[in-house]
Number of protein chains: 2
Amino acid sequence: MTGASQPQRGGRRPGESGTREAILAAARGAFAELGYDRATMRGIAADAEVDPALVIHFFGGKEALFEAALELPVRPAEIFARGAAAGPDRLGATVVRTFLEAWEPPETRVRLMAMLRSALTNDAAMGMIRDLLVREVFGPITRALGVPDAQLRATLVGSQFVGLAIMRYIARLEPLASASVDELVAAVGPTVQRYLTGEID
Amino acid sequence: MTGASQPQRGGRRPGESGTREAILAAARGAFAELGYDRATMRGIAADAEVDPALVIHFFGGKEALFEAALELPVRPAEIFARGAAAGPDRLGATVVRTFLEAWEPPETRVRLMAMLRSALTNDAAMGMIRDLLVREVFGPITRALGVPDAQLRATLVGSQFVGLAIMRYIARLEPLASASVDELVAAVGPTVQRYLTGEID
């Protein structure tokens, strides 16, 4: 209403970050309401009142837009790519370290809290996060592992990570909240290693 | 307003279950607002407009009232008592089985959901649950274990249980949601066994 044509702080061209935010807001609404599969780039563009080509320009494709809408501090696929690069014996430790380092910055905790709140108070948001986990986290692990029970293994890792994030970053339960990343890699790394590659039955 | 003096369904004496519920409601408010330590039996009785002796009559002491207010399907201390009774080698498996069996009935999931929602949307409720975990779960384990890092071990177990409950019962992520208790005891038992008694550094 006032100053709408003023340049924004941070020196961005006026409009660009506003457009990006409008697309993200439309995407969050569409993914939450329709789920990943039924939400379309065209529909999200229409909701944001922009040309679909602009959505592609900013975000590439639907998966990348989905991830951007969730504001994760690290792409789940990246976590497991680093684990795989570290070699099979270091898989658990590397995955735990990458996960924790991504969530350590305090500003990411606000997003984690928002995501958990959405999931627990809105079935659609829970569906969106479930989609994310299956598509971005468990799907790639399952394909990469090449072991029996790959999906169960992947969800077991997810259960440890979700619980660790809640207890350390949200409930801030001591001494878990103050433990160093190194301590937690030593403690939880073997759990994840076993879930991914060891005997689980 | 209408029918207040009618006998209640289930044949209870009129007033008794109402009084019990009033005390529980007052207790939930007091624990959430003041935390465990600052909440008093006298204050809770005053809020419920009953004699403090009646609170003792119904619930015994403050810890028992606290647990009743949370409506847990199993006393956390009971989980670990069963684990201890099963012997040191069966500790992890027994604790996981007892935990899962308590949370399997669908009606307990509603309570779990309510508890998590409260914790994530209200700092006081989070404090109440943190108190519960420290007092009822981690305190007893720490004392019973007699190992170094007992508190860290206890919170690691908590992290796995919280994540498992969320993924299985609330997010209902497959195949974790449909796995049998036996399968999960085999998969998660060794994690808990190691957190409680193995090498974690």
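Take a salt bridge to be a side-chain nitrogen of Lys or Arg within 4 Å of a carboxyl oxygen of Asp or Glu. With that rule in hand, look at where chain B meets chain A in this predicted model: across the interface, the rule turns up 0 salt bridges.

So what does the contact between the chains look like, given that definition? The elements that give two or more residues to the side of chain B that touches chain A are H7, helix H8 (123-145), H9 and helix H10 (181-197) of chain B. H9(B) hands over the largest share, 13 residues. Sort that side of chain B by class and you get 26 nonpolar, 8 polar and 7 charged residues.

How much area goes under? The size of an interface is often given as the accessible area lost when the parts come together. Here chain B and chain A bury about 3300 Å² between them, with 71% of it on carbon and sulfur atoms. In terms of contacts, 41 residues of chain B meet 41 residues of chain A. Polar contacts do turn up across the interface of chain B and chain A: 12 residue pairs, both partners at pLDDT 80 or more.

Now step over to the aromatic rings. Over all chains, the count of aromatic pairs comes to 6. One of them is B:Phe99 with B:Phe161, a stacked pair at 4.2 Å centre to centre, with 10° between the planes. This pair links distant parts of the chain, 62 residues apart: B:Phe99 sits in helix H6 (residues 91-103) of chain B, and B:Phe161 in helix H9 (residues 150-170) of chain B. Are these two buried or exposed? B:Phe99 has a relative accessible area of 9% and B:Phe161 has 8%; both count as buried because the cut-off is under 20%. Over in chain A, A:Phe99, A:Trp103 and A:Phe161 form one aromatic cluster.

Last stop: B:Thr108, which you'll find in helix H7 (residues 106-121) of chain B. B:Thr108 counts as buried too, at 4% relative accessibility. Which backbone oxygens does its side chain find? The side chain of B:Thr108 reaches the backbone oxygen of B:Pro105 at 2.6 Å, and a polar atom of that side chain lies 3.1 Å from the backbone oxygen of B:Trp103. Leave aside neighbours within four places in sequence, and B:Thr108 is in contact with B:Pro73, B:Ala102 and B:Trp103.

Note on methods: Residues numbered from 1 in each chain as written. Chains lettered and ligands numbered in written order. Predicted model: local features only at pLDDT ≥ 70, side-chain atom pairs only at ≥ 80, totals over all residues. Heavy atoms only, no water. Phe/Tyr/Trp six-rings, centres within 6.5 Å; stacked < 30°, edge-to-face > 60°. Helix = DSSP H or I, 4+ residues; strand = E, 2+ residues; numbered from the N terminus. Buried < 20%, exposed > 50% of the residue type's maximum accessible area, 1.4 Å probe, protein only. Polar contact = N/O pair within 3.5 Å; in protein donor to acceptor, adjacent residues only side chain to side chain. Contact = heavy atoms within 4.5 Å. Buried area = accessible area lost by both parts, 1.4 Å probe. Nonpolar A, V, L, I, M, F, W, Y, C, P; charged D, E, K, R; others polar.
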